[in-house]
Each structure stands twice: as structure tokens, then as C-alpha cells.
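Please examine the sequence and the model below. The briefing that follows is grouped by topic.

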Protein chains: 2
Amino acid sequence: MSTAPVTIKDIARYLKISPSTVSRALKDNPEISRETKQQVLEVAALLDYRPNIVARGLKNRQSSTIGVIIPEIVHYFFSQVISGIEEVAYNEGYTVMICQSNDKSDREANNVRTLLAHQVAGILVSVSKETAGFKHLEEVKRSGVPLVFFDRAAPGLMADQVINDNRDAAFRATTHLLEEGHSRIAHFAGPQNLTIGKERKEGYLLALTGAGIALREEWCTEADTFEKAYSEVMRLYQSGNIPDAIFCNNDLTALGAMKALRELGTEIPEGVAIVGFSNGIFSEISEPPLSTVDQHGYEMGVQATRLLLKRINSVNKGEPPVTIVVRGDLIVRETSRIMPD
Amino acid sequence: MSTAPVTIKDIARYLKISPSTVSRALKDNPEISRETKQQVLEVAALLDYRPNIVARGLKNRQSSTIGVIIPEIVHYFFSQVISGIEEVAYNEGYTVMICQSNDKSDREANNVRTLLAHQVAGILVSVSKETAGFKHLEEVKRSGVPLVFFDRAAPGLMADQVINDNRDAAFRATTHLLEEGHSRIAHFAGPQNLTIGKERKEGYLLALTGAGIALREEWCTEADTFEKAYSEVMRLYQSGNIPDAIFCNNDLTALGAMKALRELGTEIPEGVAIVGFSNGIFSEISEPPLSTVDQHGYEMGVQATRLLLKRINSVNKGEPPVTIVVRGDLIVRETSRIMPD
DNA sequence: TTGTACGCGTTATCAC
DNA sequence: GTGATAACGCGTACAA
């Protein structure tokens, strides 16, 4: 028994006035007499009227929802970003439509299509791991719908972006390990087709060469999951090539490595020091607490959304793409520093 | 330079035919000649036409988006649920509009208003901790928009819901602790104005009385955050009333307790055993790995969305509200079982 | 097989 | 001040 929603027409009929008058009264138009305005407001409340934003958007050729495409919501970092996005959007009267790509390129393309079909006012994207071609994203640009990347941008595609200073943060993290007296530093890297993975590795290499340390190939492998990190540590121990520190591409990787080390009876950080990346919830809680780089996900979401809204409102019409770099903060906890007793 | 989107009219003009013909051709209407259909499809592809779902929804008085209101996205459990919701919705051609209440009642009411204004086809809600009155939710029911609760329902409001068997799961968790030989079992409870908090406490009490153990008030306190659990353990140790096991309302609480115990030099589970609730990512990774109850968030999201879609499509029109109970699985890891060496 | 006319809910524009 | 009209993009009875 779904009751048909109350419309402006209903109010008009009720008061025996025209729909346009009602519309004006509701919009607080100064040309309306105080008493009709009063009446309209009362009847609106009485009938439980709700403006149909969809119809309004159709009429005004502008929508009040922004689309978001992320790899996976269940990642703490991304859920933080979404929180930031949601907050800004909410305060500006926008709603958020979220699509997950599950790190699949074709699904991402589908998401783009869906969001455009829904007439979103703008799109925020963090590209999937798999994404190589960017046809679907170029399509967004061509359609005229503002596009802002966050965290993971599409290289070569000119667009606003909010990213981390991955290279520098990785550099600082590695340097920190050097300063703590480590010299046999390994790196468990992320996928190298992803800019963030590449940049972090570069930062790592930069720090090593800066310290005059030559790269040992077997210490720099791709391992960006809990399981891979676990088996990678096991492999290193079997080969006898044991590092005295590991800089990991993310926190989960770090925890996988820690688990292996614990089972091998190696003390952390005395035997092997660890630094992760992301500052997930568990980094504070792990045993020992994990040193890591805080990416400020919430802040990134806020910045990205503000940037997007600027474009939507054409405040910066025609201006070239902006890149906002959010500095990652190295948080030194106990996996990388020998604490004095 | 936002190009105006290509519409059916544009295609019609291009082919010098009427918009209705184009509309029919795009919908694969059998009354259209094969060649015009062919032409329309070609031109549509050429001009990069995208159907305006919003306009279509307005015309058909039905939308293809469903609204979700959750306390906080950053909670692992909720992000899992959203993943499940998203998956089903996506496959059925729906998009998802997500609002966070931040556990605030007024914000939740706002979310309801927003979603209804956006003409969502249905709403999924997990009520905020703060919510006491349910006027805004009753409004949803009155509006005729289908409503399904997940995890946290509004007591007294007849509606479909997908919930956990909190009481039973808590009973089983506590019983497990009893079977492991513990008898001085404490409970760090959740807010008692929330059904889930109350039910879990009831399950705990049931298990105790079933075993002929009297409740000790000082062992059953409200502590549902990492910090509160930490200080609660400290308090218990100072008072000298030390339990030999703690059943916690959630995982974070469990980890807070574990941290305190570690600092106090108490072995887990030998000194004090721990069981949490939720099976968050860190429960597998904690040291030692945490025994907990898996709530199957993803599955709950899937079920809730299926239920909602049924209502939206009036498959079960007029049928009384359905309650789907998702059984929580006790996962015994190392914080509650003395492992043989 | 295709075109015409109208309506979905809203609002901008032009009348009065 | 207020009303009538048209239009946003789409779909569909009805007419041709």
C-alpha cells in the first residue's frame, strides 16, 4: 500500500492556488506574501511533503549526488577516506553514491557507466590495481563530469588529484630504519603497475643509495598481503639471507612478516625491525605496536571532495588540474625502535 | 566546458526521426523495424549516448537506488555488511546511497529525510547507539518506502530485519569458557539501550545461571571501547577481584583488556581467558589470536538486501515482517583455549 | 512501423 | 503577488 508521495501539486490543490506559487513559497521567494507563504508551509508540514530532489535535478540539469569508486570498502584506509568524503558532501547538501571496483578493471568501467547514467555531479576515483587502460576514465573527462583522483591516480590522465607523498614518506621510513642502526634493510613492495607501489619502492631505494648502500635484489620483492609476507620471511630465513629490518608496503604485510618472525623466535625489533604503511587500527594494537606511516585517509577524503565541489561549482573553471599532496606522517612505535628499559 | 549530455532527442534529430521511435528502438521494442533499430543503436554508440536513469525513474515513479544508513563505515563489521549490500544491489541493477549517522539520532533523522527526498526505492538501516525515539523511522514506513533493519533493529517497530542470534551466540561463547574450566567469568558489556548489547548480556547471564554460578555485579560492567576495557581490567586488578575469563561485547574491547593484562604480566589464556565478538581483521592477527564470534557481516548485507528487493518488487506484498537470524559462529583461537605444547 | 501528445515533479519565465 | 506555460529526459497510450 505504498502511498503516492505528496507533491507540490497536492499542496496547490489543497490550498486552491497554483503549483508555481507553492514552489515559490517553499523556496522562500521574496515575491510571495507572508500569509500564503505561511499557509503553504503549514500544509506542507501537514501533508508531510518532501521535495523530490530527483525532479528538481532534472529541471535544473544538475544533481546533488557525487559518485565514488573505490577498490574495496573493507580496507580501513578506504573507509576512512569515505568518511571524509561523506562528511564534506553531507555538509554541502550532497549525497554520496558508492561503487566498489573490487580491484577489477572491467567492474570499474561499469561503475563509471552507472554513475554517469545516474547523472552524478562529479566522480571521485581511486583506480583499481588491475586498471591498465584508462578509456573509461577518459570518457568521464569527455563527458564534462568533474573527476578527482584520490590515493591512486591514473598516470597520464590530467585531472585533479589528492595523493600521498609516497616516495618521500617511504624515504623517511627507510631513513628512520637506517638511523636506528639497521643496514640490511629489505622491502616488501606493492604491485609495481600501481604508482603508489612504485613510488614507495623508489623512496626506499633513494634512502639506501643516499646512505651508500647497494640494493640486494633478493631483499626487494613484491609481497603485499599478509600471507605473501609470511612466506617471504620464511623463504628469506631458509635462504640464510636474513635482513635486520623490513620496510613493508602496508600494515597487513608488516603483520604477516611479524607473525613469521615470531614463529621463528626472532625478537622484534631487536632481531628484525619492521615499519609498515597506512596506520590501520591494528598497528596501534599489535604486539609490539607497529611503526608505520599515517596516510590521513579522512583528511584525503575531505580534500578530494572539496576539490571536486570546487570544480562542480566552476569556482576554478578552466584552471589546470590541481595536485594536492597529503604528507604521510611516520609514526614510530615499538617495532622499529629499541626502547630503553 | 561541460558538454551537455546526449539525449534521445539528439539521436532523433540526427536521424530525423521522432524521439519516441528512438526510445522504442533503444528498449528493443518488437514493433520497430530492424533497420531503424540498427541505425539508432549505431548513432547512440557514435554520440556516446547514456540513458538518463534519473529521468527514467521520474517517469516510471520508481528509482534504482537503495539507501543505507549505518553508524560508521570505518567499523570493519559495517564495511563488510556494505560490501554484501553493494554486491547484491549491483547485480540487480541498483546503486547504493550510503549515509552515516555517526551514532547520532538527529543525524539519522536527517539521513532518512535525505534518502526519501532522493526517492530511494528502499532503505536499509542499522540504528544509531543514541537512537531512542523512532519517529523518523516510522515516517519511512508511513511513506510506503520499504525498510529493512540489519544488525541493530528498532525495538517495537514492525519491519523486516536481519539480525544476529546475539543471545545464543553469547550463551555459546560463555559456555565455551565454562567448558574450558573457567568459573570466574566477567563480562564487558555494550550499551544496554541497544538490543544487541542487552541480548549478549542476557546470553552471558543465561550460561552462568545454567551452570549454577551466581552473578557477581562487579564483573559485569559496561565497557565497550578499547580504552574502557583497558582501565576496567586495571580497576579489577586493583580491587583484587580478579576473574579468570572475560567475555567481551566486541573485539576492540577484548584487545583493550588484553593490552592491560599483558602489562600486568598476566598470561593469556592461562591467567585470564578472553573471548571477543565480531571477528574483525585483527582477531586473527592479535597475539595470541583472539577467540571471537563471527557475525558474517557480508552475509547479513546480502540477506538484508535480498529481503529489501523482495519488498520493493512486491513479491511478498502484504506479508507480515520477516526476521532472518544469521547465526554467529564461535571461532575458538588461542585466547580461550590452553593449547597443548 | 512510426509519430503525436502528454505526464512524471519541479521551476524559470513571462504574463497579468 | 500570483497564475499559466513550457521545459528538463524519458516512456507510452493513442492515433495515423
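In strand 8 (residues 245-248) of chain B, both faces are covered: Ala245(B) and Phe247(B) lie on one side, Ile246(B) and Cys248(B) lie on the other, and all are buried. A residue is buried if 20 or more other C-beta atoms, placed from the backbone, lie within 10 Å of its own. Strands (E, at least two residues) and helices (H or I, at least four) are DSSP runs, numbered from the N terminus.

This is a predicted model, in which local features need pLDDT of at least 70, side-chain atom pairs count only at pLDDT 80 or more, and totals for chains, interfaces and linings use all residues. Residues are numbered from 1 along each chain as its sequence is written, while chains are lettered from A and ligands numbered from 1 in the order in which they are written.

**Strand pairing in chain B**
- Strand 8 of chain B pairs with strand 6 (residues 185-189) of chain B in the parallel sense over 4 bridges, where pairing requires at least two DSSP bridges.
- Opposite Ala245(B) stands Ile185(B).
- Strand 8 of chain B also runs parallel to strand 9 (residues 273-275) of chain B, with 3 bridges, and Phe247(B) has Val275(B) as its bridge partner there.

**Helix 8 of chain A**
- Helix 8 (residues 166-179) of chain A has 14 residues and reaches 20 Å from its first C-alpha to its last, close to the 20 Å expected at 1.5 Å a residue; the expected span is 1.5 Å times one less than the number of residues.
- Its buried residues include Phe171(A), His176(A) and Leu177(A).
- Gly181(A), with a positive phi near 100°, follows helix 8 of chain A.

**Relation of the chains**

**Contact between the chains**
- The contact takes 37 residues from chain A and 36 residues from chain B, counting C-beta atoms, placed from the backbone, within 7 Å.
- Helix 5 (76-91) of chain A gives the largest share of the side of chain A that touches chain B, 6 residues.

**Surface near DNA strand D**
- Among the 24 residues around DNA strand D, Ser20(A), Thr21(A), Thr7(B), Ser20(B) and Asn52(B) come nearest; a residue is near if its C-beta atom, placed from the backbone, lies within 6 Å.
- Helix 4 of chain B supplies the largest share of this surface, 5 residues.

Note on methods: Contact = placed C-beta atoms within 7 Å. Buried ≥ 20, exposed ≤ 12 C-beta atoms within 10 Å, placed from the backbone.
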